There are 2 protein chains.
Amino acid sequence: MPKSKTNHRKSHLGSRRQPEVSRAAILQAAVEEFARDGIAGARTDAIAHAAHVNKALLYYYFKDKEDLYQAVLDQVFSDLLEKIMRALAGPGSPQQRILAYAGAHFDYIAENQLYPRIVLGEMTRMRLGKPHSFGRITMRYFTPLFQKLAELLRDGQKTGEFRAVDPEQFVPSMIAVIVFYFNSAPIMKLMSGKDPFSPERLAVRRAAVLDFISAALFCPSAAGKGELK
Amino acid sequence: MPKSKTNHRKSHLGSRRQPEVSRAAILQAAVEEFARDGIAGARTDAIAHAAHVNKALLYYYFKDKEDLYQAVLDQVFSDLLEKIMRALAGPGSPQQRILAYAGAHFDYIAENQLYPRIVLGEMTRMRLGKPHSFGRITMRYFTPLFQKLAELLRDGQKTGEFRAVDPEQFVPSMIAVIVFYFNSAPIMKLMSGKDPFSPERLAVRRAAVLDFISAALFCPSAAGKGELK
DNA sequence: AGTATCTAACTAACCGGTTAATTAGTAATG
DNA sequence: CATTACTAATTAACCGGTTAGTTAGATACT
């Protein structure tokens, strides 16, 4: 692999003189490390090593561990929110749109299984009294999503497609059903032996999630109008 | 500072010559500390201080931090499982029994809000490939509960009360709805301003959970037979 | 074109505070 | 006096963060 005269053969070739490559590598490594053990358990040494970068470089690009963590959260949530909002803004009846949302949310997580770990971990970590470094994230990402979903639920209730559920209760329940599987997957694996992340199992789960939500939300009278396959 | 020979009230009065008191104090303090930040973030100093005990005493009763953590998990789960199993073993139709279970599970968590933090934290922490120190817990506590619930679901399907859901999919969904609220509570608080743990809000949530499960599971034909109040 | 200057990108080595764990012992009890 | 319960003091490792540089390329000047 001749690489012009200025060949610097260390082993961490991947990232010399390439700021955004290095920065992205750090961020990706940080996502994985933070997903594993949260901010407390994450090791800056491990992040640096995984990114094939010297540890000091973390502090070149980010103020400190907390700042890096915030950057990770921002990346995770902005990406997620963008995809979900697009699905929510699509055409169709409230039934079709809520299922489109749920499917998109599920699909996104299925492709990025680290993300719910970070989210749930962070939720679990933030206490009610404490100063909330997570508050920024809530305002910027959760609130818009929540309100859009609540609005959609009210729409469906107006058309008579949805049961008279309280959005403030229904939205978290729905998200729970979508997300929880990926966190409990290791236990399912232990119990069933099967790999919960295989394409077949994911397809089964996806269908089950949509069925669960449909049954819990749609009026019995007007059944079978959503896309269930 | 005169200090008669048998005078040992230093400040850690609570626990001299009282092995089980000390041990229990350590365990309770450990539950709270582990719930906050997981095993990685928990500080043995903090546990000892909260238990009004010298740190070395932790190592008198427990081999190391990991061992203490396992003891905490055992206490949490055995307690939870016992209460839930009792509710599951009660009398009544499958409809009534599944709602009794869900209500009991909800109530238990409402009273011990630290527990789902530990559980979810632990789920999040265990990776698919890694050696599973959590496997013991799974076998001892999760599997029996899961199988009992699956059995109940099949019972209800036989009597025609329940829809033809796949227990392997439905059980995790149901647990998700019951549990998730307590983990997302801090965010809900930020968004709504209201305290998600106030008795009124808990009652509302409890009703919503039972309604959600009822709607998702019970056959539309045979509605309104469970206890919904 | 060549070279001097400048700077962004990056690293090796280290530092001091923290933390899990140990040790060596003291005090109570039967 | 032997065993159980418990602690002060200590240690070794770890870990977040810093520092003092080096390297590679861009720009300026000749």
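Which residues are buried in α6(A)?

## Helix α6 of chain A

In this predicted model, the buried residues of α6(A) are A:Leu114, A:Tyr115, A:Pro116, A:Arg117, A:Ile118, A:Val119, A:Leu120, A:Gly121, A:Glu122, A:Met123, A:Thr124 and A:Arg125. Because 12 of the 12 residues of α6(A) are buried, this helix is largely enclosed by the rest of the structure.

The helix α6(A) consists of 12 residues and spans 16 Å from its first C-alpha to its last. This span is close to the 16 Å expected at 1.5 Å a residue.

## Extent of the interface

Contact between the two chains involves 55 residues of chain A and 56 residues of chain B. The area buried between chain A and chain B amounts to about 5300 Å², and carbon and sulfur atoms contribute 67% of that area.

## Polar and charged interactions

Between chain A and chain B, 6 salt bridges are counted. A salt bridge joins the side chains of B:Glu168 and A:Lys194, with an N to O distance of 4.0 Å. Across the interface of chain A and chain B, 8 residue pairs are in polar contact, with both residues at pLDDT 80 or more.

## Composition of the chain A side

The side of chain A that touches chain B draws at least two residues from each of α1 (19-41), α6 (114-125), α7 (135-158), α8 (167-192) and α9 (199-217). The largest share, 20 residues, is supplied by α8(A). Classified by residue type, this side of chain A comprises 32 nonpolar, 11 polar and 12 charged residues.

Technical notes. Residues are numbered from 1 along each chain as its sequence is written. Chains are lettered from A and ligands numbered from 1 in the order in which they are written. This is a predicted model: local features need pLDDT of at least 70, side-chain atom pairs count only at pLDDT 80 or more; totals for chains, interfaces and linings use all residues. Side-chain values use heavy atoms; hydrogens and water are left out. Contact means heavy atoms within 4.5 Å. Buried area is the accessible area (1.4 Å probe) that two parts lose on being put together, summed over both. A polar contact is a pair of N or O atoms within 3.5 Å; within protein, one must be able to donate a hydrogen and the other to accept it, and residues adjacent in sequence count only if both atoms are side-chain atoms. Helices (H or I, at least four residues) and strands (E, at least two) are DSSP runs, numbered from the N terminus. Ala, Val, Leu, Ile, Met, Phe, Trp, Tyr, Cys and Pro count as nonpolar, Asp, Glu, Lys and Arg as charged, and the others, Gly among them, as polar. The expected span of a helix is 1.5 Å times one less than its number of residues. Buried means under 20% relative accessible area, exposed over 50%, partly exposed in between (1.4 Å probe, protein chains only).
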